[in-house]
Amino acid sequence: MVFFGPKRQAPRLAPELDDVPLGRVLRGIAAARGPGPQDLAIAQVERLLRGTGDDWDRRSHRVGVLAQAAPALARGWRERRPRDPDALVLATWGELATDPRGALALCRVAADARPADPTPWVAALAALRLLGRPSSELSPVWQEIRARDPWHREAHLQILGYLSPEEQGSQAALRDFLDDAVAVMPWDAPTACLPLTAAVRQYHRARSSGGIEALGMSQYWSQPHTARLLDQARTHWLRPGHLRHAAAVTDLGTLAYALVRAGRGSDAAPVFSAVGGLVTPWPWTYEGDPVECYTDYSGRG
């Protein structure tokens, strides 16, 4: 079955997702060599982040992608503009993978540079999670984020990871967090992905555990609560204007993956069509190479 119409687009990894201006800047960064082009790349990044304004959801997406793609540029920009809030927040995110303690210290500086921005606080949350700090240290940071952006997608995903049994929590803690969030979550919040993301993670957690629990995973997606998650997402997420946040493509990819694992290929067809060939590593890496697996599953009728 062809899901993309007569001109089906080849699957491709694109960290910018469908953010066209971000994609242009990433290509400019990749082409920058030497001081002159590096200055131009910094100017492009500066314009991009300035133009994002106080759209905190898109700012978080852009900062996260840029920090991963160009950590050296982030450090260079901060050295040139040590008080610039955009340079500081990008440098903060750039330090997370290599020096979470250093990133945590820098978060405070970035937060002071632009007090309304939740992005430095989300970086602090991520740093504390990486350091395995107790919940008493995460709680005040979480409150700072909630005061600025109550439904910040990345912040909620950080808490979802922190509360997992693999880290500092348990299945019961995860369930309580999700129940509390879903009970008051607006229908169009960027965090609409939380229940389905948690379900996919639980599916693979149980599959990898071995024993009786792993054997029962063949029926996981047909259980009432998981089948309902898929039905609700399939019904609402494809409606025009329903998913408006920066990582909507990622969430649709997660839905396509879950529908395929549930044996609901026909239901997955319009979801594959909606993402237009864009592939995100997670959750396809569970199956192997993301692009190859996406290609295989999207072509099944």
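View 1. A pocket here is an open set of points on a 1 Å grid over the protein atoms alone, where a 1.4 Å probe fits and protein lies on both sides within 12 Å along at least five of seven lines; lining residues have an atom within 4 Å of a point. The model is predicted: local features need pLDDT of at least 70, side-chain atom pairs count only at pLDDT 80 or more, and totals for linings use all residues. Residues are numbered from 1 along each chain as its sequence is written, and side-chain values use heavy atoms, without hydrogens or water.

**View 2. Helices around the second largest pocket.** Helix 10 (171-184), helix 11 and helix 13 (224-236) each give two or more residues to the lining; helices are DSSP runs (H or I, at least four residues), numbered from the N terminus. Helix 13 brings the largest share, 7 residues.

**View 3. The middle of the largest pocket.** This pocket holds about 1,400 Å³ of space, a volume being the space filled by probe spheres set on the points, which are joined across faces, edges and corners. Look for Gly64, Val65, Gln68, Arg153 and Glu154, which lie nearest the centre among its 42 lining residues.

**View 4. Helices around the largest pocket.** Among the elements giving two or more residues to this lining are helix 3 (56-69), helix 9 (153-162) and helix 14 (248-261). Helix 3 supplies the largest share, with 8 residues.
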